[in-house]
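Here is a short briefing on one protein chain. Please look over the sequence and the structure before reading on.

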Amino acid sequence: MSTRIAFLKGHGTENDFVIVPDPENVIDLPPAAVAALCDRRAGIGGDGLLHVVRSAAHPEARAMAADAEWFMDYRNGDGSVAEMCGNGVRVFARYLQRAGHVAEGDITVATRGGVKTVHLAKNGDVTVGMGRALLPEAQVTVAVGERSWPARNVNMGNPHAVAFVDDLADAGDLYAPPSFTPASVYPDGVNVEFVVDRGPGHVALRVHERGSGETRSCGTGACAVAVAAARRDGADPAVSGTPATYTVDVPGGRLVITERADGEIEMTGPAVIVAEGEIDADWLAGSLS
């Protein structure tokens, strides 16, 4: 390994990421190293890390290599592995375009949540095919302090609990994960969204992402919220044959979510690369001691 490691920094609606290009999967990134890189005071800072690897070079992605050349090896800010990150996929695609690996138009990206189709538009927006939502029947309650709310259980390749509240301030500071019951519903933790209405087909959210805390945006969370809002409002595109589109305001910006009649969900929003540089490998090694 060289003494310096290339990195970039990017964000999608202010959900920000450290990007580490590593096509042949030769850089060791244990959880402690990822956490150090994502540390906002002692490291580069980010809600998570996008490890950019060719699918054929990663044991978790080799089976997808025929369908997607590149694998998004996504890690949460605490170093834990995550199945999927919607904002992360958009930023990942923007990096591939910047690096000259892909051009405008449709591309595919392998993730632990499956192969995702991404469209890089001329206007700078990025649309991601997020797959279908699963709506487990389990009844869930989330709580912050002494207050609790019923929540809709939505799985977007990762688990979400969506609670509709009167005011986004009801969620408190979200420094600590909201509690949930029953514990058996989410054995590996859950992303919790608190949602208010802004108008017809228009909602706003705050989110606590497992492993990262409150973030400025969550792509899979916005999708989960749009699906939960649609069902609450009596809309099911699979039944009506009519797509349902929701504008979802997040603290870092705005996303547009469409659930099609075939159940596929599309998310559209910005993705920006803001900086690039080099990580000192000695510092990174020291973070593990």
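Is Y186 buried or exposed? Y186 counts as buried, because its relative accessibility is 4%, under the 20% cut-off. The model is predicted.

**Aromatic pairs**
- The count comes to three aromatic pairs.
- One of them joins F17 and Y74, edge-to-face, with 6.0 Å from centre to centre and 75° between the planes.
- This pair links distant parts of the chain: F17 belongs to strand β2 (residues 15-21) and Y74 to strand β4 (residues 70-76), and 57 residues separate them.
- F17 is buried at a relative accessible area of 0%.
- Y74 is buried too, at 2% relative accessibility.
- Another pair is F180 with Y186, where the ring centres lie 5.3 Å apart. The planes of F180 and Y186 meet at 80°, over the 60 degrees required, so this pair is also edge-to-face.

**A charge over a ring**
- R232 places its charged end over the ring of F164.
- The distance from that charged end to the centre of the F164 ring is 4.4 Å.

**Cysteines**
- The whole structure holds zero disulfides.
- For C218, the nearest cysteine sulfur belongs to C85, 6.6 Å away. A disulfide needs the two sulfurs within 2.5 Å, so C218 is in none.
- C218 is buried, with 2% relative accessibility.
- For C223, the nearest cysteine sulfur is that of C218, at 8.7 Å, and C223 is likewise in no disulfide.
- C223 is buried as well, at 0% relative accessibility.

**Largest pocket**
- The volume of the largest pocket is about 160 Å³.
- Its lining has 14 residues. Nearest the centre are T117, V128, G129, R260 and E266.
- By class, the lining residues are four nonpolar, five polar and five charged.
- Three strands each supply at least two lining residues: β6 (114-120), β7 (126-132) and β17 (264-269).
- Which element gives the most to this lining? Strand β6 does, with five residues.

Key
Residues numbered from 1 in each chain as written. Predicted model: local features only at pLDDT ≥ 70, side-chain atom pairs only at ≥ 80, totals over all residues. Heavy atoms only, no water. 1 Å grid on protein atoms, 1.4 Å probe; cavity = no way out; pocket = protein on both sides within 12 Å on 5 of 7 lines; lining within 4 Å. Points joined across faces, edges and corners; volume = space filled by probe spheres on them. Helix = DSSP H or I, 4+ residues; strand = E, 2+ residues; numbered from the N terminus. Nonpolar A, V, L, I, M, F, W, Y, C, P; charged D, E, K, R; others polar. Buried < 20%, exposed > 50% of the residue type's maximum accessible area, 1.4 Å probe, protein only. Phe/Tyr/Trp six-rings, centres within 6.5 Å; stacked < 30°, edge-to-face > 60°. Lys NZ or Arg CZ within 6 Å of the ring centre and 35° of its normal.
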